[in-house]
Amino acid sequence: MGWRYYRLQLLIITVDNPSPDLTNPVSIAVSEGEHTSGVSARVSALSPPYPSAQAGESAFGKHLGPSMAKLMTALGTNIQYGEREGARVRDAFTGKWFWDCHRNGSVFNLGHRNPTVLAAINDAMGQLEIGNLFLVSGYKALAAEKLLASTDGLLTGVVYTASGTEANECAIRAARGYTRRRKLVSVHGSYHGMSAMTIAAGDNSELCERYLLDTSDFRKVPYNDIDAMRAAVDRETACVLLEASPAQLGFPAPDPGYFDAVRKICDDNGAIFILDEVQTGLGGSGQFWLWQTQRVRPDIVTTAKGLGGGILPMQQC
Ligand SMILES: Cc1ncc(COP(=O)(O)O)c(C=O)c1O
């Protein structure tokens, strides 16, 4: 409850103050006690919530787990966002500006605090809230219509989810339910999320082992290797789940004709072709969707991250 309130507060204040000057961060507006209770918290987005980088790191380690803070320190990327505009972010404590080439895995496809996105959200918040799952929403329909138009009419329906993980989980479930088969083929180096099924579909044997996942129905083949794909897909395969360009491999380009070949292998075996465009979609690869470079029609495309415009968590499959 307190955490949600804090997040909401941060969002609203950021919207209302488009050009915060964080050169000299002022001290925080609430004490740590009020902040963690969340009842009367008033955290200003103009100032970092902790008075120093060390205090922020130590609170992060204490409340969210120390490993990420330690890793960032070890990698030398222990930056705490302060001011952010377009493609640049500024460290809240050192004042140093950075070009954000990382994009948080495509969350910031439209840049940080894109003014058009902020204006639309600001406008919506004057009247709208999350809505009711059981009622028709013209807003959801219109957003779906626009997304589908981006596929040149090749895809015809949308399912909204809350993360890229869930989008992929939903796509795998749909493929299994439709084909009544269990087997999934994906590529080496891929990442599809952190639910049990998406971990099993991705390439991380350590996590599969740690969480005792049953991977007997999950096969992996090298990216861009059509022969290996053909050998792995058979009439027991529910789907091929292909990360359009695996980020962990350094974003290799698909060979000309690769997506088409995978499409044909799926068709020959009655399997569903799912393309994970969580990182490459929504303009992340230059085209709106990477599959459009090969004019192929996947059965399901998953997207996430950038769909929220860098402000809201919103995904779709
Ligand atoms: C290709 C790909 N698929 C799926 C996911 C999972 O998305 P999320 O973190 O929103 O669950 C990610 C996240 O980085 C991703 O890069």
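I started at Arg-90, whose bridge partner in β3 is Trp-97. Strands here are DSSP runs of E with at least two residues, helices are runs of H or I with at least four, and both are numbered from the N terminus.

A note on what I'm looking at: this is a predicted model, where local features need pLDDT of at least 70, side-chain atom pairs count only at pLDDT 80 or more, and totals for chains, interfaces and linings use all residues. Residues are numbered from 1 along each chain as its sequence is written.

β2 and β3 (residues 97-99) run antiparallel and are joined by three bridges; two strands count as paired if DSSP finds at least two bridges between them. They make a hairpin with five residues between them, and Gly-95 in that turn has a positive phi of about 80 degrees.

Then I went the other way. β1 (residues 81-85) pairs with β2 (residues 88-91), also antiparallel, over three bridges. Arg-84 has Val-89 of β2 as its bridge partner. This hairpin has two residues between its strands, and Gly-86 in the turn has a positive phi of about 55 degrees.

I looked up helix α6 (residues 138-149) too. How many of its residues are buried? Zero, so α6 lies largely in the open. Buried means 20 or more other C-beta atoms, placed from the backbone, within 10 Å of the residue's own.

Terms used:
A residue is buried if 20 or more other C-beta atoms lie within 10 Å of its own, exposed if 12 or fewer, and partly exposed in between; C-beta atoms are placed from the backbone.
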